[in-house]
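Let's take a friendly walk through this model, starting at a pocket and moving on to sheets and charged pairs. Keep the viewer open as you read.

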Amino acid sequence: MIKGIHHIALKAKGLDNFNKLVEFYRDILGLPVVRTWGTAEDPAMMLDTGAGLLEIFANANDELGSGALRHMAFEVDNTDACVAAVRAAGYKITMEPTDIVISSEPPYPARIAFCIGPVGDEVEFFQVK
């Protein structure tokens, strides 16, 4: 029945936060814009992560909520390069690049790091080793 994740949606709570999200995900991390809609006061867009879409809404009148989403993990080719770009843009790194092995069968080696995005969104960079 389920084929995979289509998209993850983020609410920005206004144009200023929307523009920060666009700068972070499009300009810093390089996700290409797939489509845009809405108005100048309440825009929305979808960006391609390579394995699904990231949808961003300005939601000028909605409050930011909390929920069960713990973080978004992006599969990347170079965790260290992602952290360098995010750090250079002034965002908080909450976990420096670290080599791990997930204790599964078979073991799953990776290099990971975490940062906090423009509206408190926790982002993981996951490099399969």
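## The second largest pocket

Lining the second largest pocket are Ile 5, Ile 8, Thr 49, Gly 50, Ala 51, Gly 52, Leu 53, Leu 54, Met 72, Ala 73, Phe 74 and Glu 75. About 310 Å³ of space lies in this pocket. Two elements, β4 and β5 (72–75), each give two or more residues to its lining, and β5 gives the most, with four residues.

A word on the terms: on a 1 Å grid over the protein atoms alone, a pocket is an open set of points where a 1.4 Å probe fits, with protein on both sides within 12 Å along at least five of seven lines, and lining residues have an atom within 4 Å of a point. Grid points are joined across faces, edges and corners, and the volume is the space filled by probe spheres set on the points. Helices (H or I, at least four residues) and strands (E, at least two) are DSSP runs numbered from the N terminus.

## How the model is treated

This is a predicted model, in which local features need pLDDT of at least 70 and side-chain atom pairs count only at pLDDT 80 or more, while totals for chains, interfaces and linings use all residues. Residues are numbered from 1 along each chain as its sequence is written, and side-chain values use heavy atoms, with hydrogens and water left out.

Met 72 lies in strand β5. Is Met 72 buried or exposed? It counts as buried, because its relative accessibility is 2%; buried means under 20% relative accessible area, exposed over 50%, and partly exposed in between (1.4 Å probe, protein chains only).

Leaving aside neighbours within four places in sequence, Met 72 is in contact (heavy atoms within 4.5 Å) with Ile 8, Leu 10, Tyr 25, Leu 54, Asp 121, Glu 122, Val 123 and Glu 124. Met 72 and Ala 58 are 14 residues apart in sequence, and their C-alpha atoms are 19 Å apart in space.

Four strands make an open sheet of mixed pairing, in the order β1-β4-β3-β2. At the edges are β1 (7–11) and β2 (33–38), each pairing on one side only. From one strand to the next, the twist averages 15 degrees. Two strands pair if DSSP finds at least two bridges between them.

The strands β2 and β3 (residues 43–48) run antiparallel and are joined by five bridges. Arg 35 stands opposite Met 46 in β3. Helix α1 (residues 15–28) packs on the sheet and touches β1, β2, β3 and β4 (53–57), and its direction makes about 15 degrees with that of β3. Axes here are lines fitted to C-alpha atoms, for helices over the stretch in contact, and angles run from 0 to 180 degrees between N-to-C directions.

## The β6–β7 hairpin

Strands β6 and β7 form a hairpin with five residues between them. Their pairing is antiparallel and spans seven bridges. Met 95 has Phe 114 in β7 as its bridge partner.

## Salt bridges

How many salt bridges does a search of the whole structure find? There are five, counting a side-chain nitrogen of Lys or Arg within 4 Å of a carboxyl oxygen of Asp or Glu. One of them joins Glu 96 to Arg 87, with the closest N and O atoms 2.3 Å apart. Glu 96 is partly exposed at 41% relative accessibility, and Arg 87 is partly exposed at 40%.

Arg 111 and Asp 99 meet through their side chains in another salt bridge (3.1 Å, N to O). This pair links distant parts of the chain, twelve residues apart: Arg 111 is in strand β7 (residues 108–116) and Asp 99 in strand β6 (residues 93–102). Arg 111 is buried, with a relative accessible area of 17%, whereas Asp 99 is partly exposed at 46%.

Asp 99 also forms a salt bridge with Lys 129 (3.3 Å, N to O). Because Asp 99 lies in β6 and Lys 129 in the segment after β8 (122–128), the pair ties together parts that are 30 residues apart in sequence. Lys 129 is exposed, with a relative accessible area of 53%. Salt bridges with shared partners join Asp 80, Asp 99, Arg 111 and Lys 129 into one network. Not counting residues up to four places away in sequence, Arg 111 touches Thr 79, Asp 80, Pro 97, Thr 98, Asp 99, Phe 125, Phe 126, Gln 127 and Lys 129.
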